Structures are given as structure tokens and as C-alpha cells.
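Here is a short report on one protein model. It covers a strand residue, a helix and a core.

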Amino acid sequence: MNKAILMGRLTRDPEVRYSQGMSGDQMAIARYTIAVDRRPSRRDMGAQQSQQTADFIPCVAFGRSGEFAEKYLKQGTKVIVTGRIQTGSYTNKEGQKVYTTEVIVEEQEFAESKKSQAENGYTPAPAAPAASNAPAPDADFMTIPEGIENDIPFK
């Protein structure tokens with residue numbers, strides 16, 4: 001089984017390109033890197049406790065996931081990415097063989113609210129278009145109309 005689950009922050013805005021699909025339609029390909037904090041080992045817990053290290057994991061999202069990344073993700077956004085690890089290689093201009101490893105994104109979601117991002121010093125991602133019955137962009141919860149207390153399935 002090849003499954004990777006990562007949580008981290010985007011190191012920069014996604015780079016998005018569109019390729020021509022087999023059926024003639026265009027497909028979004030978004031590339032971004034997330035910084036994933038490493039857990040400190042017991043050996044490192046001593047004097048170097050304040051020093052935090054991270055791994056920088058390249059991710060590639062295709063199709064609708066790529067469009068989502070283009071529209072809503074930006075530098076500093078904390079995300080959870082689920083996907084598979086893919087390795088590859090190519091020969092660069094100097095004739096040297098270069099090996100690559102990246103995560104092919106199957107699912108991606110926000111790992112914190114806009115409010116938490118602001119409190120942590122990160123600028124929130126742009127708001128999704130609101131549906132007519134959706135809460136206001138800055139509201140934490142939707143208001144419940146009066147007189148339906150008995151219709152709520154939980155208390």
C-alpha cells in the first residue's frame with residue numbers, strides 16, 4: 001500500500017499550469033511544497049528543544065484538486081494532504097540523472113480555520129463563494145432560526 005498523510009504549511013503559493021486533456025478539455029496541474037514539522041527525538045529533547053526542524057515535501061494536485069489549490073491555497077495555509085508517493089527521474093541539461101520524489105494529491109483540506117490562521121500570524125486564504133443559505137464569511141456558525149428547537153436532532 002502506498003499512502004501518505006501529511007500536515008503542514010505551504011511554503012509559497014501553488015504554481016498552476018493547464019494541460020490539454022485527451023478529450024480536448026484542459027486539466028489543472030498544481031504544484032506546491034508543504035513544510036512538515038519533524039517530531040523531535042528523545043536525544044534532541046534536551047538543550048535543543050526550541051530548535052524545530054521540518055521536511056519540505058513537494059506535492060502535485062491534478063484536475064479539480066489542482067483548481068482547488070489554485071483558488072484557495074496560498075503561502076502559509078495549513079493543510080492536510082492525503083496521497084501517494086511517486087518517484088521518478090530525468091536527465092538535466094548537464095547530462096546528470098536527477099531523481100524526484102513527490103506526493104500525488106488524492107485529497108487536500110484545510111487544517112485550521114481562518115481565525116486560527118490570523119491568530120498565528122498567517123493571512124487567511126480567500127473566502128469561498130457563499131451559497132444563499134451559508135453563514136457569513138466571518139461567522140463561526142450559522143444562526144438557527146427561532147421556533148425550531150424541537151426539530152433539532154440533538155441537544
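## Tyr99 on strand β6

Y99 lies in strand β6. Helices (H or I, at least four residues) and strands (E, at least two) are DSSP runs, numbered from the N terminus. This is a predicted model: local features need pLDDT of at least 70, side-chain atom pairs count only at pLDDT 80 or more, and totals for chains, interfaces and linings use all residues. Residues are numbered from 1 along each chain as its sequence is written, and side-chain values use heavy atoms, leaving out hydrogens and water.

Y99 is exposed, at 66% relative accessible area. Exposed means over 50%, buried under 20%, partly exposed in between (1.4 Å probe, protein chains only). Leaving aside residues up to four places away in sequence, Y99 touches G88 and S89. Contact means heavy atoms within 4.5 Å. The C-alpha atoms of Y99 and S89 are separated by 4.3 Å, though the two are ten residues apart along the chain.

## Helix α1

Helix α1 spans residues 64-72, and its buried residues are S65, G66, A69 and Y72. They sit on the same side of α1 because they cover an arc of only 155° around the axis. That arc is taken from the directions from the helix axis to the C-beta atoms. These buried residues pack against β2 (15-20), β3 (26-37), β4 (54-62) and β6 (97-110).

## The nonpolar core

A nonpolar core is a set of buried Ala, Val, Leu, Ile, Met, Phe, Trp, Tyr and Cys residues joined through side-chain atoms within 4.5 Å. The largest has 14 residues; Y32, I34, C59 and V81 have the most contacts inside it. β1 (4-10), β3, β4, β5 (78-91) and β6 each supply at least two. β3 gives the largest share, four residues.

Y32 touches residues including L10, I57, A69, V81 and V105, not counting those up to four places away in sequence.
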